[in-house]
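Dear colleague,

I am passing this structure on to you, and below it I have set out what was found in it. Please read the notes with the structure open beside them.

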Amino acid sequence: MRGLTEANLKKLAGSRSFDRGRGYVDAVSGVEVGDGWVTASVHGTERYEVELALDAPGGLSGECDCPYGMEGNFCKHLVALGLTVLAQRESLPRQRKAARDRAQDLDAWLSALSQPELLALLREEIDENRQLRRRLELRAASARGDLAGVRARIRDLIDIGPFAQYGYVEYADARAYADQAGQAVSAIGALTGSGRAIDAITLAREAMRLLAEAVESVDDSDGWLGQIGADLADAHLDACRAARPAPEELAHWLVGHVLGDLDDGLTDIDPLDYENVLGEEGMGVLRKLAAEAWRGNRRGWAEKYLMERLAKAGGDVDAVIAVHAADLAPNGHTHLVIARELDTAGRPAEALSWAERGIREVEDLATVDTALVDHLCERYAQVARLADAVALRRDHFGARLSLLTYQQLRAAARAAECWPAEREAALALLRADAAGPRRGGWYAGPVLVDVLLDDKDTDAAWQAATDAGADDRQWLALTDQARADRPADALGVYLRLAEPLLKQTGNAVYERLVGLLLSIRDCHRRLGTEDEFGVYVATLRTTQKRKRNLMSLMDEHGL
């Protein structure tokens, strides 16, 4: 109980979830206090069940079935329950003692019952609790060695029928269906634990197939069935570790599963997890089957993934490269992947060659994966090939005229101490493009203005904006730069930008307008025409007086 403090709740949840949890305290209901735990319902988007463990070995912890909580996070609903418990901390020791007493009384009562009385009690519960009945039926079938009975129960558990309307399980019923289907995992685990791991393997595979079929008819927006699929994969692996099935058969099944023979989208099985079960013989079969599948479909995603995983696990870099090289992306991305693999393997010369090949083989440099250009320029810099880095940046800029490619060219050229010449050529290219016909509705005029602004070449940027045109964002940035030297020109732009804002409402608009008014005032001060500004503001206050928030904001800034 000492671990339950506001400070610990905030530490576990983080400031944002803690602050949001405060707003959910009134949504907490049905608080039940046990000896070392507290449970409740919290009504948020849905009703969520939450539980705090007060005396867990690692300190305060909790679970919530909201989507965020299911990912292992200490959510706002847990914060709300924690704050609720803290509000009644005075009575908590008494409530915990009462819970212990109740548990002891129940245990004593059950212990005093005779076998017939216990059976009668259990039968009564079975009649009223369908979930309990199904769990016990599974245990009974397992104990009898009735594989057909266990299989039938598992099929019933995964059947969507009891939850489906018109053949589909809606979101509101998905959680209840998932809770039922999850019992199949427990049954399979029980088989393994009772020494029947071979049967568990068979039933785990059947359950995977049934679940994959069912998920098409379930609104699994919260991912409940995905978790069950993961649990089934774990149950299958545990059963294989216990039973040690025939390596060749297991290898065939694993490859078939990964390549989608089972049409499965839930149980993400990694064949490498089975390496100890397969042994050397089974891994050899696995590699052989994976290679055959890949050779039959070199562009198949699953085939490539499996081959790459096995090749990496075996340390076979050349095999990894062969997988990627069989399906090269036209934008050079695959070349970059190969180059990085070779770099990691300590083969920098080959890595550089693949990166350069990627640039050569891209048909249009405007479509290249920019990460490949960045990677190659970094490598050129590392080996003091600065001229090559400049040439690549120059070509990329020419293909993709943008502020970013200009900035990258500038950085490379400055490192190579050749920026003045490169800048002159780059600006000439932009000016020629801006003066020419528009290409598909696009031309380089706005880019020319942006790069000149970025270079702080205010006079050239102003001329480019006047000749080629500029948008309001660019004119504002330009006038902010030019205001000290060209106050009259800047004043005209500010007044033009302010005019449409006078016809709009909203606090964001008012903030922009006041910012422009401050700049207009500065221009008038530089021009010595403060009286003219006073008249402008007085007129504005008269025409805009109904906008109280604007008037208040102007007052704050002395306007």
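**Helices α12 and α13**

In helix α12, the residues Pro-247, Glu-248, Leu-250, Ala-251, His-252, Leu-254 and Val-255 meet Val-277, Leu-278, Glu-281, Gly-282, Val-285, Leu-286 and Leu-289 of α13, where contact means heavy atoms within 4.5 Å. By class, this contact of α12 with α13 has 10 nonpolar, two polar and two charged residues; here Ala, Val, Leu, Ile, Met, Phe, Trp, Tyr, Cys and Pro count as nonpolar, Asp, Glu, Lys and Arg as charged, and the others, Gly among them, as polar. Helix α12 covers residues 247–258 and helix α13 residues 275–296, and their axes come within 8 Å and cross at roughly 45 degrees. Axes are lines fitted to C-alpha atoms, for helices over the stretch in contact, and angles run from 0 to 180 degrees between N-to-C directions. That angle makes α12 oblique to α13, since angles under 35 degrees count as roughly parallel, over 145 as roughly antiparallel, 65 to 115 as roughly perpendicular and the rest as oblique. The crossing of α12 and α13 is right-handed; a crossing is left-handed if the near helix is turned anticlockwise from the far one by less than a right angle, and right-handed if clockwise.

Before going further, please keep in mind that this is a predicted model, in which local features need pLDDT of at least 70 and side-chain atom pairs count only at pLDDT 80 or more, while totals for chains, interfaces and linings use all residues. Residues are numbered from 1 along each chain as its sequence is written, and side-chain values use heavy atoms, with hydrogens and water left out.

**The chain as a whole**

The secondary structure of the chain comes to 28 helices and four strands, both being DSSP runs numbered from the N terminus (helices H or I, at least four residues; strands E, at least two). The chain has a radius of gyration of 35 Å, whereas a compact globule of 559 residues would have one near 24 Å; the radius is taken over C-alpha atoms, and the globule rule is 2.2 Å times the number of residues to the power 0.38. Along its principal axes, the C-alpha trace spans about 105 × 65 × 50 Å. Of the 559 residues, 43% count as buried (buried means under 20% relative accessible area, exposed over 50%, partly exposed in between, with a 1.4 Å probe and protein chains only). Among contacts with a separation of 6 or more, 55% are accounted for by residues 24 or more positions apart.

On the α17 side the contact is made by Leu-352, Ala-355, Glu-356, Gly-358 and Ile-359, and on the α18 side by Leu-372, Val-373, His-375, Leu-376, Arg-379 and Tyr-380. These residues divide into seven nonpolar, two polar and two charged.

**Single residues**

Gln-180 has its place in helix α9 (residues 171–193), and at 0% relative accessibility Gln-180 counts as buried. Not counting residues up to four places away in sequence, Gln-180 touches Gln-131, Arg-134, Asp-156, Leu-157, Asp-159 and Phe-163.

Some loop residues may also be worth a look. Arg-244, in the loop between α11 (224–243) and α12, has a positive phi of about 50 degrees although it is not a glycine, and at 46% relative accessibility Arg-244 counts as partly exposed. Lys-456, found in the loop between α22 (445–454) and α23 (458–468), has a phi near 60 degrees, a positive value in a residue other than glycine, and is exposed, with a relative accessible area of 59%.

Gly-72 lies in the loop between α3 (67–70) and α4 (76–87) and counts as exposed at 66% relative accessibility; its C-alpha atom is separated by 9.1 Å from that of Gly-62, 10 residues apart along the chain. Ala-484, in the loop between α24 (472–482) and α25 (487–501), counts as partly exposed at 46% relative accessibility. Ala-484 and Asp-522 are 38 residues apart in sequence and 9.1 Å apart in space, C-alpha to C-alpha.

With kind regards
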